Amino acid sequence: MNVYYSPENFINRELSWIEFNQRVLEEAQDTSNPLFERLKFKSIVSSNLDEFFMIRVGSLCDQITAGFNKPDAAGLTPVCQMEKISIRVHKLVYDQLNCYNRSLKLALRKEKIFFLKPKDLNEEQCQYIKEYYFKDIYPVITPMVVDTSSPFPLILNRSLNIGLLLQKGEASDEQIFATIQVPSVLERIIEVPYDNGKAFVFLEDIIKMNLSSLFNSHKIIASSCYRITRNADLTLDEEGAEDLLDAIEESLKQRKWGNVVRVELEIGMDKRLLHILEEELEISKEQEYEINGPIDLTFLMKFIKKIGYNNLLYSHMKPQVSDEFLKTNNIFESISKNDILLHHPYDSLNQLLIL
């Protein structure tokens with residue numbers, strides 16, 4: 001065997017990608033970066049992980065289901081890769097949330113920006129939230145109850161949901177499952193009145209505060225947020241479709257309803273509620289990611305654009321005209337002497353656009 005092609009000389013593609021995302025996380029951890037730039041990196045980590053699970057992990061799940069067991073160049077079978085990915089990503093997610101809870105939230109407080117929990121709200125804020133709920137949220141949410149007459153619903157890929165365990169009537173011991181999709185058409189964070197700075201409440205927390213308006217004939221035993229990621233690895237059946245567009249359209253539909261490859265769970269979820277999700281979604285413990293904080297930090301990118309605070313971002317860069325073009329009124333004279341590299345966005349292209 002050629003020593004250069006020995007497995008120990010190679011790094012698995014998926015594990016290598018995770019280390020790339022670790023470097024993105026390190027930018028969020030770097031206190032020398034402006035605060036909102038750190039929030040951007042935090043959002044990018046979450047967005048990257050979504051795509052990683054949908055495509056890379058989804059592809060590995062397909063290989064395992066098909067019984068493919070051939071090692072890659074690094075000597076890892078699909079099953080081995082999944083085991084190592086689970087261990088490494090759990091550590092990455094822990095570090096991501098630890099940075100958010102211990103560093104970024106504290107830095108936001110110093111700028112008088114607060115994410116409030118229901119227990120932190122005063123009477124005025126509670127009244128504001130109640131009015132907002134019945135005016136804007138209540139009309140667009142649809143609770144789904146699972147019982148003998150209603151099967152478990154299809155949960156949309158990457159949607160944030162609230163799972164509930166209900167008791168049907170005071171005299172009944174029967175427990176049933178219900179779920180609510182947190183509306184994606186509404187803002188994820190809602191600004192509430194605050195005397196000294198800006199304060200926000202998460203949409204899912206507002207819904208949880210008003211669950212009794214949705215289940216007034218049931219006793220609510222437990223409620224927790226969860227979010228699933230589905231296998232969205234596209235397999236195009238070009239021969240079976242009339243044209244490529246039909247094949248792509250069909251594959252995009254499948255992205256919504258592929259097998260579940262990851263479940264993000266609110267920390268402290270009731271075990272009975274978790275057991276129902278495990279059975280219905282057919283997930284293993286390795287696919288579960290307990291989240292000690294907001295689920296899905298991609299909302300931070302929209303939050304930054306909405307709130308302003310340009311002083312907490314990098315200042316806008318002004319492209320410079322190349323020195324070579326400053327020496328002459330005719331850029332063709334400079335180009336005829338030697339090649340000139342223009343690096344966008346650092347070098348201005350205005351001189352070329354004028355021509």
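In the predicted model, the buried residues of helix α7 pack against the strands β3 (160-168), β4 (175-181), β7, β8 (260-266) and β9 (288-291). Helix α7 spans residues 271-281, and its buried residues are Leu 273, Leu 274, Ile 276, Leu 277, Glu 278 and Leu 281. At the start of this helix, a side-chain oxygen of Asp 270 comes to within 2.8 Å of the backbone nitrogen of Arg 272, while the residue that follows the helix, Glu 282, has a positive phi, near 55°.

The largest nonpolar core holds 51 residues, among which Val 89, Ile 180 and Ile 207 touch the most other members. Helix α2 (residues 35-65) supplies the largest share of this core, with seven residues. In soluble globular proteins, nonpolar side chains tend to be buried together.

Asn 210 is found in the loop between α5 (203-209) and β7 (218-230), and it counts as buried because its relative accessibility, 11%, is under the 20% limit. Its side chain reaches the backbone oxygen of Ile 206 at 2.9 Å, and, residues up to four places away in sequence not being counted, Asn 210 touches Tyr 133 and Phe 134.

Aromatic pairs number 17 in the structure. In one of them, Phe 52 and Phe 53 have ring centres 5.7 Å apart and planes at 85°, so the pair is edge-to-face; Phe 52 is buried at 2% relative accessibility, and Phe 53 is buried at 2% as well. The rings of Phe 202 and Phe 299 are also edge-to-face, because their planes stand at 85°, with the centres 5.3 Å apart. This pair links distant parts of the chain, since Phe 202 belongs to strand β6 (residues 198-202) and Phe 299 to helix α8 (residues 299-307), 97 residues apart. Phe 202 is buried, with a relative accessible area of 6%, and Phe 299 is buried at 7%. Both residues belong to one aromatic cluster, which is formed by Phe 36, Phe 115, Phe 200, Phe 202, Phe 299, Phe 303 and Tyr 309.

Salt bridges number 19. One of them joins Arg 227 to Asp 50, the closest N and O atoms being 2.8 Å apart; Arg 227 lies in strand β7 and Asp 50 in helix α2, so the pair ties together parts that are 177 residues apart in sequence. Arg 227 is buried at 3% relative accessibility, and Asp 50 is buried at 4%. These two residues take part in a network of salt bridges that also links Arg 262, Glu 264 and Asp 296. A further salt bridge, between Lys 117 and Asp 205, has its closest N and O atoms 3.0 Å apart, and it links the loop between β1 (113-116) and α4 (123-137) with helix α5, the two residues being 88 residues apart. Here Lys 117 is partly exposed at 37% relative accessibility, whereas Asp 205 is buried at 7%. Asp 95 and Lys 91, by contrast, both lie in helix α3 (residues 78-110), four residues apart, about one turn of the helix, and their side chains meet in a salt bridge of 2.6 Å, N to O.

Note on methods: Residues numbered from 1 in each chain as written. Predicted model: local features only at pLDDT ≥ 70, side-chain atom pairs only at ≥ 80, totals over all residues. Heavy atoms only, no water. Core = buried A, V, L, I, M, F, W, Y, C linked by side-chain atoms within 4.5 Å. Buried < 20%, exposed > 50% of the residue type's maximum accessible area, 1.4 Å probe, protein only. Phe/Tyr/Trp six-rings, centres within 6.5 Å; stacked < 30°, edge-to-face > 60°. Polar contact = N/O pair within 3.5 Å; in protein donor to acceptor, adjacent residues only side chain to side chain. Contact = heavy atoms within 4.5 Å. Salt bridge = Lys/Arg side-chain N within 4 Å of Asp/Glu carboxyl O.
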